[in-house]
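Student: Hi! Could you walk me through this structure, one spot at a time?

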Amino acid sequence: MKKAINYIIIFSFTLFLFACTKDSFLNRGPLSDITGGNYFNTESDLRLYCNSYYSILPVQSFAYMDAQSDDMAPLPRNQFLTGTFTIPNSAKDDNYPVKWDYSLIRSCNYFLINYQQAKETDSVKNIYVGETLFFRAMQYFNLTKAFGDIPYVTRYITDTSTSVLYGPKLAHTQIMDSVINDLNTAINYLPVTPSQDGRLSKNQALAFKARVCLWEGTYRKYFGTGSGTIYLQQASAAAEQIMQSGNYKIYSTGNPQSDYYNLFIQEELKGNPEAIMSMRYLASANTFNSVDRTLGENGFGYSKDFVRSYLCTDGLPTSLSPLYKGDDSLQQEIINRDPRLKQTIATRGFVFLGPDIITLPRIATTVTSSGYQLIKGRSSSMAAWNVNNSIYDFFIFRYAEILLTEAEARAELGTCGQDVLDKTINLLRDRAGMPHMMIANLRKDPASSFPGLPVLIDEIRRERRIELVDEGFRFDDLHRWKAGALISNPETILGMKLLPGMRAQYTYDVSSVVVNANFYIQVYPNLVRKWDDKMYLFPIPLQELRLNPNLQPQNPGWQ
């Protein structure tokens, strides 16, 4: 049912409100109201308890998801990327994109010491064990990406368990090995057939495992923390299991000029072949979102660096293609380019809202910062524009990501042949009406961000950037590739070119728009982004360091 995941998440949010306390380290929420003696007796008890986990699912809702990356230059300056981020005192500080939060892990561990008393068969109970291990793995993955070495706890901690409560850090690599162990057990226990109430199934857990293994495999390779081969092999194996299930395919109606755009403004993703798991909204169930409105007025804009990454319609980068017409205007810049460009960025003729049609790129407004206005995931619907009135669904796990994972993992392993590209990258190219990626025809982009990489891996990374933009992957990708320095590229804070002749066409005041010597919009005048390798990890909150000296030293560079 369409309302299922929403009800689960609403319930889980309520449960977390009751669980929150001012205690910080390991977030010791009160579980005394749910005890082994008066709970965990029936399948209903197990199901309701596990509802509390679902709020951490990674919903790809577009708003702010890639703000901390080289793809975006939003008007609200990202403190982390502009060097103004300071070490917060509290684990609950709103500046943290990922909270130092163990409350869900504690809830998972509590479940695992109590579920056996339920009067159900092992096969029934194991489904909820699978859910619990899945979400424990997800939270540890989130924490490890953000903070590196952290305490790893797999037992329920009482107030007297100080030796565990204030225990030492465990190495990143050891935690990730344990994360995969949890996921493997979850995959074994979860049902193959998705339930009607929106709960986890085997393929959804496999989708997350593929994501985790690709991240960890490439991280180990590029950071030199050990061989990533086993993880890359597992990423490929998980992706292939989903691909071979026959349950999913790339959404397409045969219209490459609109299919990519339309994929992200659907009121119903149930039945969409690309949806492995989705977050769904329904007016009759009183579940809505405001993302359509947020995307239309949040002052975000894609960067010049991102827009330059789109290929031309001959499959060549702008630095090599004779079809590229230059960028003296946005209208010129989109000629002969990958059709996904016009389905991601507002261009002439796009209906912004009701009768409001784009004629000139929006600048000097709260709509966009760079002239490259976001439209992925944003419709022209007046109804959806109203606050908390949109019922457009969002992906949680999308089949396109699985295909990109398979291609990248196989390329990193050195086993990506044309047959692999034809069943992965080229299916995405088919939807967009782009030429197939042919290994024999690949040419290294002279303007590549990765000049030292093999051209195949370079181009797969480009495809990933284009297909998954604004879905929350880009900073994680830069992290695992050890490519954070790309944030320092001056074009990541530039917008479109605004020549004097174009400026003169605006009928409202655009004098506030600053351009550089080459007439590109300077989103942040008198500011540059400067990458520091300490930014691969967030600092541990000061309060946690005071409570637990075993967390010392602070993460590198944040002392």
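**A chat about the model**

Tutor: Happy to! Ile396 is part of strand β4, residues 394-398. Helices (H or I, at least four residues) and strands (E, at least two) are DSSP runs, numbered from the N terminus.

Student: What kind of model is this, and how are residues numbered?

Tutor: This is a predicted model, in which local features need pLDDT of at least 70 and side-chain atom pairs count only at pLDDT 80 or more, while totals for chains, interfaces and linings use all residues. Residues are numbered from 1 along each chain as its sequence is written, and side-chain values use heavy atoms, leaving out hydrogens and water.

Student: Thanks. Is Ile396 buried or exposed?

Tutor: Ile396 is buried, with a relative accessible area of 0%. Buried means under 20% relative accessible area, exposed over 50%, and partly exposed in between (1.4 Å probe, protein chains only).

Student: And what does Ile396 touch?

Tutor: Leaving aside residues up to four places away in sequence, Ile396 touches Leu57, Pro58, Val59, Gln60, Arg211, Met277, Ser278 and Met279. Contact here means heavy atoms within 4.5 Å.

Student: Switching topic: where is Asn289?

Tutor: Asn289 sits in the loop between β1 (275-279) and α10 (291-295). Asn289 is buried too, at a relative accessible area of 6%.

Student: Which backbone oxygen lies 3.2 Å from a polar atom of the Asn289 side chain?

Tutor: The one of Tyr392. For reference, a polar contact is a pair of N or O atoms within 3.5 Å; within protein, one must be able to donate a hydrogen and the other to accept it, and residues adjacent in sequence count only if both atoms are side-chain atoms. Not counting residues up to four places away in sequence, Asn289 touches Tyr281, Asn388, Asn389, Ser390, Tyr392 and Phe394.

Student: Now helices. At what angle do α4 and α7 cross?

Tutor: Roughly 25 degrees, and the axes of α4 (residues 122-147) and α7 (residues 202-223) come within 12 Å. That makes α4 roughly parallel to α7. Axes are lines fitted to C-alpha atoms, for helices over the stretch in contact, and angles run from 0 to 180 degrees between N-to-C directions. Angles under 35 degrees count as roughly parallel, over 145 as roughly antiparallel, 65 to 115 as roughly perpendicular and the rest as oblique.

Student: Which residues make that contact?

Tutor: From α4, Phe134, Ala137, Met138, Phe141 and Lys145; from α7, Gln204, Ala205, Phe208, Val212 and Trp215. By class, this α4 and α7 contact holds 8 nonpolar, 1 polar and 1 charged. Ala, Val, Leu, Ile, Met, Phe, Trp, Tyr, Cys and Pro count as nonpolar, Asp, Glu, Lys and Arg as charged, and the others, Gly among them, as polar.

Student: How do α8 and α14 pack?

Tutor: Helix α8 (residues 229-245) and helix α14 (residues 399-413) pack at about 140 degrees, with axes 9 Å apart. Their contact has 10 nonpolar, 4 polar and 4 charged residues.

Student: How many residues of α3 are buried?

Tutor: In α3 (residues 103-112), 9 of the 10 residues are buried, so the helix is largely enclosed by the rest of the structure. Among them are Arg106 and Asn109.

Student: Last one: which peptide bond is cis?

Tutor: A cis peptide bond joins Gln552 and Pro553, with omega about 0 degrees. Pro553 is in the segment after α20 (542-547). As for backbone angles, Lys482 has a positive phi of about 50 degrees although it is not a glycine, and Lys482 is partly exposed at 41% relative accessibility.
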